[in-house]
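The following exercises concern a single protein chain. Please inspect the sequence and the model before reading each solution.

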Amino acid sequence: MAADSRGMDPLSIQDVLLPLQDLAKHPSGVKQSAVALVIRRLGGQLQAMFIQRAERKADPWSGQMALPGGRREASDQSLVQTAMRETEEEVGVSLESATLL
């Protein structure tokens, strides 16, 4: 691929996803979390889903924009399942029929 106007080479989806596979390998006892980056095409443009976190005094991220997601539960078979479950819980969007990258 050719460099863009800034002289930077574009990234492929594999350039992004392959290093992420290593992040899923954590030692036991480490708390794991996952988020979903939900993207859809509408009217020829791409849209991404964000949420606004609830306002709470003890939460340093209170009120900030975020991706839907949360902590892995013991019943989650994978971090992908965590992200899918949390997205449905937080915004009511099921990712069961979504294309996963």
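**Exercise 1. Determine which atoms come together at the start of helix 2.**

Step 1. At the start of helix 2, a side-chain oxygen of S78 lies within 3.3 Å of the backbone nitrogen of V80. A polar contact here is a pair of N or O atoms within 3.5 Å; within protein, one must be able to donate a hydrogen and the other to accept it, and residues adjacent in sequence count only if both atoms are side-chain atoms.

Step 2. The basis of such values should be noted. This is a predicted model, in which local features need pLDDT of at least 70 and side-chain atom pairs count only at pLDDT 80 or more, while totals for chains, interfaces and linings use all residues. Residues are numbered from 1 along each chain as its sequence is written, and side-chain values use heavy atoms, with hydrogens and water left out.

Step 3. Helix 2 covers residues 79-91. Helices (H or I, at least four residues) and strands (E, at least two) are DSSP runs, numbered from the N terminus.

Step 4. The length can be checked: at 1.5 Å a residue, its 13 residues should span 18 Å, and the end C-alpha atoms are 18 Å apart, which agrees. The expected span is 1.5 Å times one less than the number of residues.

Step 5. After helix 2 comes G92, with a positive phi near 75°.

**Exercise 2. Describe the order of elements and the overall burial of the chain.**

Step 1. The protein chain contains 2 helices and 6 strands, in the order α-β-β-β-β-β-β-α from the N terminus.

Step 2. Of its 101 residues, 21% count as buried. Buried means under 20% relative accessible area, exposed over 50%, and partly exposed in between (1.4 Å probe, protein chains only).

Step 3. Contact means heavy atoms within 4.5 Å. Among contacts between residues at least 6 apart in sequence, 36% join residues at least 24 apart.

**Exercise 3. Identify the residues of helix 2 that are buried, and what covers them.**

Step 1. The buried residues of helix 2 are L79, T82, A83, M84, R85, E86 and T87. Their cover includes strand 1 (33-35) and strand 6 (69-71).

Step 2. The largest nonpolar core consists of 7 residues: A34, A36, V38, L79, A83, M84 and L95. Helix 2 gives the most to this core, with 3 residues. A nonpolar core is a set of buried Ala, Val, Leu, Ile, Met, Phe, Trp, Tyr and Cys residues joined through side-chain atoms within 4.5 Å.

Step 3. Beyond its neighbours within four places in sequence, A83 is in contact with A34, V35 and A36.

**Exercise 4. Classify E86, E88, E96 and Q32 as buried, partly exposed or exposed.**

Step 1. E86, in helix 2, is buried because its relative accessible area is 10%. Neighbours within four places in sequence aside, E86 is in contact with G69, G70 and R71.

Step 2. E88, also found in helix 2, is partly exposed, with a relative accessible area of 41%. Not counting residues up to four places away in sequence, E88 touches V93 and S94. E88 and P68 are 20 residues apart in sequence, and their C-alpha atoms are 8.8 Å apart.

Step 3. E96, in the segment after helix 2, is exposed, since its relative accessible area is 62%. The C-alpha atoms of E96 and R85, 11 residues apart along the chain, are separated by 9.5 Å.

Step 4. Q32, in the loop between helix 1 (13-23) and strand 1, counts as buried at 14% relative accessibility. The side chain of Q32 makes a polar contact with the side chain of R72 (2.7 Å).

**Exercise 5. State in which sense strand 2 and strand 3 pair, and list bridge partners.**

Step 1. Strand 2 (residues 39-42) and strand 3 (residues 45-48) pair in the antiparallel sense over 4 bridges. Two strands pair if DSSP finds at least two bridges between them.

Step 2. Among the bridge partners in strand 3, L46 is that of R41 and Q47 is that of R40.

Step 3. The hairpin of these strands has 2 residues between them, and G43 takes a positive phi near 60°.
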